Amino acid sequence: MITTDILIIGAGPTGLFTVFEAGLLKLKCHLIDALPQPGGQCSEIYPKKPIYDIPAYPEILAGDLTKNLMEQIKQFEPGFTLGERAETIDKQEDGTFIVTTNKGTEHHAKIVAIAGGLGSFEPRKPLIENIINFEDKGVEYIIKEPELYRDKKVVISGGGDSALDWAIFLSDIASEVTLIHRRNEFRGALDSVEKVQELKNLGKINLITPAEVKGILGTDKVTGVVVEKKGEDGFIIDTDHFIPLFGLSPKLGPIGNWGLEIEKNAIKVNNALDYQTNIPGVYAIGDVNTYPGKLKLILCGFHEATLMCQSAFQRIFPDKKYVMKYTTVGGVDGFDGTRKEAPKAVVKAIQ
């Protein structure tokens, strides 16, 4: 059984930063995530997309944010259970918890922090009869590595920001990009719509509206798609990849059965104090929680993690008083024996 002070469910940015704040309080952390690598959505869904609202970073790729957070928490030697989903929680007589994954891995913790983002994600799939036969054989619902499409023919279907942004991005990588949407109007940002129109005029994107992909052609892999345009006969487009970007459906999964107070697929917390749930000792931070005035932003998750750790410390050590010290003054002592601190000024006597 894995034993830790704080068990963090979800290894996205908020969960990772929790390790740092807990480490400053000398609390050990272990993280569970259903994905095979840390980073959450930043690693799995949009690692190559820029984020513009992280303090001190005018622009940072989502994958690089994950990399930086992993470097920041390295001193505190967090443990990871990856590729497994938190399935059940059992509260012990002493107030601690045992959380078991779908693969039977047991974790014993004094505190449980749910930082599962929006929960687990399932792509919204188009109603095409044989689409499942071509998944990972030319049909992708998420773009993880853009280089996969270099010098390939790509058909993207969708009308939101993701479809627009990836069509623009891949226009410089793929040999041919076709964007198909069932309406003439797009739901994405105006500047993205205007950029797609510009690239269409330059011959770098084929834009087909209003139309839908109704079939997929191929044997071992995708070789083409069948398109139906309103008022016209169906036609075939040769392609190497078909990428339907219709969004993702978030689900809380087994956590929704833990007896937590749920509101609109999110966990209600006490934001006036510490983001604790209706179960004492269980907290919810980041996009997975809800409270009046909630903003689903990474930087808000960082703030919530900080306050949660302070509350967790008081719960674990009710008789101890923690005196906060700024890292610029006190430095950072890692569990691995390393220390980070500002260089001290050297005072020389005047002769």
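What share of the 351 residues in the protein is buried? Buried residues make up 46%, where buried means under 20% relative accessible area with a 1.4 Å probe, protein chains only. This is a predicted model: local features need pLDDT of at least 70, side-chain atom pairs count only at pLDDT 80 or more, and totals for chains, interfaces and linings use all residues. Residues are numbered from 1 along each chain as its sequence is written, and side-chain values use heavy atoms, without hydrogens and water.

Take the overall layout. The protein has seven helices and 23 strands; these are DSSP runs (helices H or I, at least four residues; strands E, at least two), numbered from the N terminus. Its C-alpha atoms fill a box of roughly 80 × 65 × 40 Å along the principal axes.

Now turn to a helix pair. The axes of helix 1 (residues 13-24) and helix 3 (residues 62-73) come within 9 Å and cross at roughly 20°. The two helices are therefore roughly parallel, a label for angles under 35 degrees. Helix 1 contributes P13, L16, F17, V19 and F20 to the contact (heavy atoms within 4.5 Å). Helix 3 contributes L65, T66, L69, M70, Q72 and I73.

Finally, look at H107. This residue lies in strand 8 (residues 106-114). H107 counts as buried because its relative accessibility is 0%. Its side chain makes a polar contact with the side chain of T81 (2.9 Å); such a contact is a pair of N or O atoms within 3.5 Å, and within protein one must be able to donate a hydrogen and the other to accept it, while residues adjacent in sequence count only if both atoms are side-chain atoms.

Conventions:
Buried < 20%, exposed > 50% of the residue type's maximum accessible area, 1.4 Å probe, protein only. Axes fitted to C-alpha atoms, helices over the stretch in contact; angles between N-to-C directions. Parallel < 35°, antiparallel > 145°, perpendicular 65-115°, else oblique.
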